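Subject: A structure for you to look at

Hi there,

Here is the structure I promised to pass on. Please have it open while you read, as my notes follow below.

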Amino acid sequence: RSSDLVQSDVSISAEIANRFPITLELTLLAILVALAISVPLALLASRRANGTLDFALSGLALVGLSMPAFAVATALVLVVSLQLHWLPPGGYRPLLTDPVQNLRLMIMPAISLGVVSGGVMMRIFRASLASAMEQGFAMISRSRGASTGRVLVRHAVPVAVVPFMTFSAMELGAIFGGALIVERIFQLPGLGSLVLLSIESRDFRTLQAAALLIAAFVMVVNLLVDVVAAWIDPRLRRLSAQ
């Protein structure tokens with residue numbers, strides 16, 4: 001029995017090791033999509049604070065964060081794959097084997113997760129920028145004749161980026177949660193699909209191992225982001241210099 005347990009442990013480790021890079025790639029692509037959505041929209045909305053464009057972009061972000069990832073994934077499959085025939089509806093090709101086909105297969109799952117996270121991150125970044133623009137250094141700079149765009153880029157962004165980075169790291173947990181369903185929809189053999197298979201087959205050992213790996217990964221990323229945030233925050237740099 002002991003040999004069976006060892007063999008089972010080896011099989012679980014090998015299965016997780018094979019699937020985790022797929023979920024990791026999906027997560028990184030989803031974060032890139034979320035950043036590509038949230039950062040430009042937040043900057044654009046902040047330049048026209050409390051204006052029509054600001055309210056329109058904030059409303060658009062609210063719509064994005066209100067949609068579940070599986071609904072976005074289903075809509076993309078129906079429209080982009082089945083009607084327009086632009087991208088394949090599912091499957092997986094290793095990145096090193098065929099990078100182009102890998103991107104074609106991963107872009108819709110990444111968009112499905114990135115749209116939802118991008119809406120949340122846009123509102124967080126917009127709120128952080130608004131708070132930074134109300135600080136004394138920003139008001140002094142504007143009183144000296146600096147344009148809103150210049151104050152936004154040179155003064156508000158360095159302050160607002162720290163809480164934004166921290167929240168973006170926390171958003172990894174939500175992306176991993178969404179990957180459970182999205183990977184099944186797009187037939188990706190990642191860690192999310194393994195978790196669902198483990199739940200269906202009542203394989204609690206595999207489920208525990210996968211959950212432990214996901215939790216450890218999110219904790220490590222949050223720790224690294226906290227270290228980087230403490231290094232780039234100008235207020236913390238001044239305190240350390242004193």
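How many salt bridges does a search of the whole structure find? The answer is 3. Before I go through them, please keep in mind that this is a predicted model.

**Salt bridges**

Let me start with Glu15 and Arg19, whose closest N and O atoms are 2.6 Å apart.

Asp98 and Arg93 form another salt bridge, with 3.3 Å between the closest N and O atoms. Here Asp98 has 24% relative accessibility and so counts as partly exposed. Arg93 is also partly exposed, at 35%.

Then there is the bridge between the side chains of Glu200 and Arg184, at 3.4 Å from N to O. This pair links distant parts of the chain, with Glu200 in helix 7 (residues 191-201) and Arg184 in helix 6, 16 residues apart. Glu200 is exposed, its relative accessible area being 55%, whereas Arg184 is partly exposed at 35%.

**The overall picture**

What does the fold consist of? Of its 242 residues, 39% are buried. Among the contacts with a separation of 6 or more, 73% are between residues 24 or more positions apart. The accessible surface of the chain is about 13300 Å², and carbon and sulfur atoms account for 67% of that.

**Aromatic pairs**

You will find 3 aromatic pairs in the structure. In one of them, the ring centres of Phe176 and Phe217 are 5.6 Å apart and the planes stand at 80°, which makes the pair edge-to-face. Because Phe176 lies in helix 6 (residues 148-185) and Phe217 in helix 8 (residues 204-232), the pair ties together parts that are 41 residues apart in sequence. Both of these phenylalanines, Phe176 and Phe217, are buried. Together with Phe20 they form one aromatic cluster.

**Helix 3 and what follows**

At 1.5 Å a residue, its 15 residues should span 21 Å, and the end C-alpha atoms are 20 Å apart, which agrees. Which residues of helix 3 are buried? They are Ala69, Val72, Ala73, Leu76, Val77, Val80 and Ser81. After the helix comes His85, with a positive phi near 60°.

There is also a nonpolar surface patch here, made by Leu78, Val79, Leu82, Leu84 and Trp86 and covering about 490 Å². One of its members, Leu82, is found in helix 3.

**Two residues to look at**

Ser38 sits in helix 1 (residues 2-47). Is Ser38 buried or exposed? Its relative accessibility is 0%, so Ser38 counts as buried. Leaving aside residues up to four places away in sequence, Ser38 touches Gly118, Met121, Met122, Phe125 and Phe164.

Leu95 is placed in the loop between helix 3 and helix 4 (99-133). With a relative accessible area of 42%, Leu95 is partly exposed. Which residues does Leu95 touch, not counting those up to four places away in sequence? They are Glu25 and Asn102. Leu95 and Glu25 are 70 residues apart along the chain, yet their C-alpha atoms are separated by 9.1 Å.

Happy to talk any of this through.

Best wishes

Definitions and conventions: Residues numbered from 1 in each chain as written. Heavy atoms only, no water. Phe/Tyr/Trp six-rings, centres within 6.5 Å; stacked < 30°, edge-to-face > 60°. Helix = DSSP H or I, 4+ residues; strand = E, 2+ residues; numbered from the N terminus. Buried < 20%, exposed > 50% of the residue type's maximum accessible area, 1.4 Å probe, protein only. Expected span 1.5 Å × (residues − 1). Patch = residues over 30% accessible without salt bridge, like charges linked within 9 Å, V, L, I, M, F, W, Y side chains within 5 Å. Areas by Shrake-Rupley, 256 points an atom, 1.4 Å probe, with all protein chains shown as cover. Salt bridge = Lys/Arg side-chain N within 4 Å of Asp/Glu carboxyl O. Contact = heavy atoms within 4.5 Å.
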